[in-house]
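This report covers a pocket and the annotated positions that line it. The sequence and structure come first.

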Amino acid sequence: MANERIILGIDPGTTIMGFGIIRVINKKMEFVQLNELQLSKYDNHYQKLKIIFERTIELIDTHNPDEIAIEAPFFGKNVQSMLKLGRAQGVAMAAGLSRDIPITEYEPKKIKMAVTGNGNASKEQVAKMLQQLLGLKELPKNLDSTDGLAAAVCHFFNSGKVIGEKSYSGWDAFVKNNESRVKK
C-alpha cells in the first residue's frame, strides 16, 4: 500500500490569497492544484476575512489535506498592512484548526531557500523552480498562487525536521517526528 498524504500550502493575503496543493506518494511529490482567491473587489476587510475562511474550508473539504503549510507574515514598516495580513493568516489557520489539520508556519526566506536554494530568490525564480520540480505546463499571471504552492513544497522538503518552524499539532506529532530524541 502506498504511503500518501496531501499538503495544502497557503500564501495569505487580503488582496490575493494564493494556494497550492500537492500529493505525496512514497516520498514523491505530485502537483494537484494551484489557484488564487481575488479579494481586491471587496471593500470591507471583515468580508474579506469571511471569504478567506470559507474558501479555506472549501479547499479542506474538497481535497482533505493531511497537513497545511502557511507562509508567515514578513515584518514590514506599515503596521496596518501587517495587522491585516496577520488577520488573514489567522483566519486561514483557524479554518484548518477547526478541521483538526496540523499547521506549520514557514518564514518567506525559508520557503524560498527550500525551493530554490536561495533565501533571497525572487517570486519569478521560485515559480520557475516549481515549474521544473512539478512539471507545470504554464505559470499563472499572478505569482501568489505559486507562493502558496511553494509553502506546500517547502513543507514536503522539511517533513520530519524541526528547524525553527512553528508547528501547531501538539506533542504527539513532535514525538512522532523525533522518536530518536525520546528517552525510553
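## Annotated positions

UniProt positions are given in the numbering used here, feature names are shortened, and annotations may be inferred rather than shown by experiment. The unreviewed UniProt entry lists Asp 11, Glu 71 and Asp 144 under "active site". They span 134 residues in sequence, yet no two of their C-alpha atoms are more than 11.0 Å apart, so they gather at one spot. Asp 11, Glu 71 and Asp 144 also belong to the lining of the second largest pocket.

This is a predicted model, in which local features need pLDDT of at least 70 and side-chain atom pairs count only at pLDDT 80 or more, while totals for chains, interfaces and linings use all residues. Residues are numbered from 1 along each chain as its sequence is written, and side-chain values use heavy atoms, with hydrogens and water left out.

## The pocket

The second largest pocket has a volume of about 460 Å³. Of its 25 lining residues, Asp 11, Pro 12, Glu 71, Phe 74 and Leu 85 are the closest to its centre. A pocket is an open set of points on a 1 Å grid over the protein atoms alone, where a 1.4 Å probe fits, with protein on both sides within 12 Å along at least five of seven lines; lining residues have an atom within 4 Å of a point. The volume is the space filled by probe spheres set on the points, which are joined across faces, edges and corners.

## Asp 11 and Glu 71

Asp 11 is buried at 7% relative accessibility, and Glu 71 is buried at 13% (buried means under 20% relative accessible area, with a 1.4 Å probe and protein chains only). Beyond four places in sequence, Asp 11 touches residues including Glu 71, Lys 123 and Asp 144 (contact means heavy atoms within 4.5 Å).

Conventions. Buried < 20%, exposed > 50% of the residue type's maximum accessible area, 1.4 Å probe, protein only.
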